[in-house]
Amino acid sequence: MLSKEEVQHIAKLSRLGLKEKEIEKFQKELSKILDYIEKLKEVDVSNITPTSHSLAALNVSRQDMPDVLASEKIKKITDQAPASREGYFKVKPVRN
Amino acid sequence: MKISDFTIKDIHKGLKKKEFSAVELAENYFDKIKKEDKKISSFLTLTQDLALSEAKEIDRLLSKGQEIPLLAGVPAAVKDNILVEGVKCTAGSKILENYTAPYDATVIKKIKEQGAIILGKTNLDEFAMGSSTENSAFGPTKNPHDPSRVPGGSSGGSAAALAANFCAFALGSDTGGSIRQPASFCGVLGLKPTYGAVSRYGLMSFASSLDQIGPFAKTIDDCRLIFDIIKGKDEKDSTSVELKALDRGSQISNLRIGLPKEYFIKGTDAEVEKIIKEAIGKYEATGAKIEEISLPHTQYALPAYYIIAPAEASANLARYDGIKYGFSANNQTKDLLAVYFESRGKGFGSEVRRRIMLGTYSLSAGYYDAYYLRAQKVRTKIKEDFAKAFEKVDVILSPVSPTPAFKIGEKTDDPLLMYLSDIFTIAVNLAGLPAISFPVGKAGKLPVGLQIIAKPFEEDTIFETAKLLEKK
């Protein structure tokens, strides 16, 4: 069973704001799911290569050249931000 | 024949013979949607202006006696996690409630090139996370066969729209069963292509190693037509692969079918079992060899998926931070960290937050090896199970779901119970294989789908196998 502190820690790492009453609900639900996942411990995984990609794939690369977007395209993108200026996204100060 | 019962082939013929115009056709579909979608709620956005201007263009080509492309004038519904330029794209989430797509997904570009008429964007579980479309921030979609029941998920809107004849085909996405399960619940065909067969460029990512876009259609020919148009290597999606056409024509007559014993278990609805067994009987009658096989790691597919998919989702959904687009708490707080917490806390629904947290936990320091790495190793074993089985058989058959469509609200209190609805579809995504849900009967008034799984890039084998039953 995950503790309340663990749930709060995970929420903080995920940058998810949880309401006080939600913490207990997620605590119960996540714990139940993690209990079910314990099943994976039954498998003998010694000497097995993990699969991160289901098909054998080679690294696909391209030239390291930027795509120059038309200014109208840039505007379409930045206009959707809550705060932008001259084609840049505006953010609040990043503090230590 | 009612205009809304048309297949893609019917429409192509009808337009060429001038039995109706593309504009008439589109208007007919919109009329039907406006009258009947109130009961179903399959669409989130209708794109009437876009559709009518595209239809006018098709009519112009026809009036000049010019050749029209394969999908000319054919009305399509698109799941709302696939970008259509200039059209709202919400992912079924409050966090993107007012987001407008700045570009077309590659699959959209391709169907537009073939003249398809996009009628609108369909409802889905938020960010494709769910098995019932009940996780949509904009309300659930109802199953056209029984509006008290779910259409399945996460591509419930697309499946329902097609089943209700609101379009001639639809596009969805499948990460753990999200095309196949709603196809089964709604009585339409739904194909999940081989991982890499269809470009994911313009699909809002959920789990990058599992997601695939695929077609919903009424017939095998229609399904194959759409698949052939949307498939192909795309330089914008590094995981996409060019398919080499396989000439399997003659081999399908000596079809070897595998029935995995782990997929024919207690807990499957008796009616579903009966219908699937009947379908298998029909295959036997065609001369196909039926063989029991084993996929020994089947019971570990669901737990492995519920580590891998949420882990990948936690990374893919990090971009929804209230900075570049979407719902933002930017004006409500002076603190950057608070912008993240508030935007995401308020913008994401419960299931999305649950999965992001699950993913973050399993990737975090101290837990990565025990959870994520272990799940990826179990994934290898699951892949190997299928590879071994495919040495002896050409296709693997199973039910798509242990039950037909369940009632709205039936599973919403228990996330784990909801996850178990994907028990037969999920291993296929982990192994990257192609699979279809093909309607084979009804339990009362509720449709039941048969799952046909094939080797990587053998979608043609799936189509040929399904065709054997379609004739009957």
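This briefing walks you through a two-chain structure, from overall build to single residues. Please keep in mind that it is a predicted model. Chain A carries 3 helices and 2 strands, while chain B comes to 15 helices and 11 strands. The two chains touch, with 55 residues of chain B and 40 residues of chain A taking part in the contact.

**Chain A**

- A compact globule of 96 residues would have a radius of gyration near 12 Å, yet chain A comes out at 22 Å.
- The C-alpha trace of chain A spans about 55 × 45 × 25 Å along its principal axes.
- Buried residues account for 16% of the 96 residues in chain A.

**Chain B as a whole**

- Chain B has a radius of gyration of 21 Å, close to the 23 Å that the globule rule gives for 472 residues, so it is as compact as a globular protein of that length.
- Along the principal axes, the C-alpha atoms of chain B fill a box of roughly 65 × 55 × 45 Å.
- In chain B, 61% of the 472 residues count as buried.
- Take the contacts in chain B between residues at least 6 apart in sequence: 75% of them join residues at least 24 apart.

**The nonpolar core**

- The largest nonpolar core holds 161 residues, and those with the most contacts inside it are B:Ala76, B:Cys167, B:Phe169 and B:Ile452.
- Helix H9 of chain B (residues 301-316) gives this core its largest share, 10 residues.
- Leaving aside neighbours within four places in sequence, B:Cys167 is in contact with several residues, among them B:Ala76, B:Tyr29 and B:Leu119.

**Where the chains meet**

- On the side of chain B that touches chain A, the elements giving two or more residues are H9, H10, helix H11 (350-363), helix H12 (369-389) and helix H13 (415-419) of chain B.
- The largest share of that side, 10 residues, comes from H12(B).
- By residue type, the side of chain B that touches chain A divides into 26 nonpolar, 17 polar and 12 charged residues.

**A closer look at helix H10 of chain B**

- Helix H10 of chain B (residues 336-347) has 12 residues, which at 1.5 Å a residue should span 16 Å; its end C-alpha atoms are 16 Å apart, which agrees.
- Buried residues in H10(B) include B:Val339, B:Tyr340, B:Phe341 and B:Gly347.

**Strand E5 of chain B and its partners**

- B:Leu189 and B:Leu191 point one way from strand E5 (residues 189-192) of chain B, B:Gly190 and B:Lys192 point the other way, and all are buried.
- E5(B) pairs with strand E6 (residues 212-217) of chain B in the antiparallel sense over 2 bridges, and B:Leu189 stands opposite B:Ala217 in E6(B).
- E5(B) is also joined to strand E10 (residues 435-443) of chain B by 3 bridges, again antiparallel, with B:Ser437 in E10(B) as the bridge partner of B:Gly190.

**One loop residue: B:Glu97**

- You can find B:Glu97 in the loop between strand E2 (75-79) and helix H4 (106-113) of chain B.
- B:Glu97 counts as partly exposed because it has 16 C-beta neighbours inside 10 Å.
- Not counting residues up to four places away in sequence, B:Glu97 touches B:Thr90 and B:Phe327.
- B:Glu97 and B:Asn316 are 219 residues apart along the chain, and their C-alpha atoms are separated by 18 Å.

Notes
Residues are numbered from 1 along each chain as its sequence is written. Chains are lettered from A and ligands numbered from 1 in the order in which they are written. This is a predicted model: local features need pLDDT of at least 70, side-chain atom pairs count only at pLDDT 80 or more; totals for chains, interfaces and linings use all residues. Helices (H or I, at least four residues) and strands (E, at least two) are DSSP runs, numbered from the N terminus. The radius of gyration is taken over C-alpha atoms; the globule rule is 2.2 Å times the number of residues to the power 0.38. A residue is buried if 20 or more other C-beta atoms lie within 10 Å of its own, exposed if 12 or fewer, and partly exposed in between; C-beta atoms are placed from the backbone. The expected span of a helix is 1.5 Å times one less than its number of residues. A nonpolar core is a set of buried Ala, Val, Leu, Ile, Met, Phe, Trp, Tyr and Cys residues joined through C-beta atoms within 7 Å. Two residues are in contact if their C-beta atoms, placed from the backbone, lie within 7 Å. Ala, Val, Leu, Ile, Met, Phe, Trp, Tyr, Cys and Pro count as nonpolar, Asp, Glu, Lys and Arg as charged, and the others, Gly among them, as polar. Two strands pair if DSSP finds at least two bridges between them.
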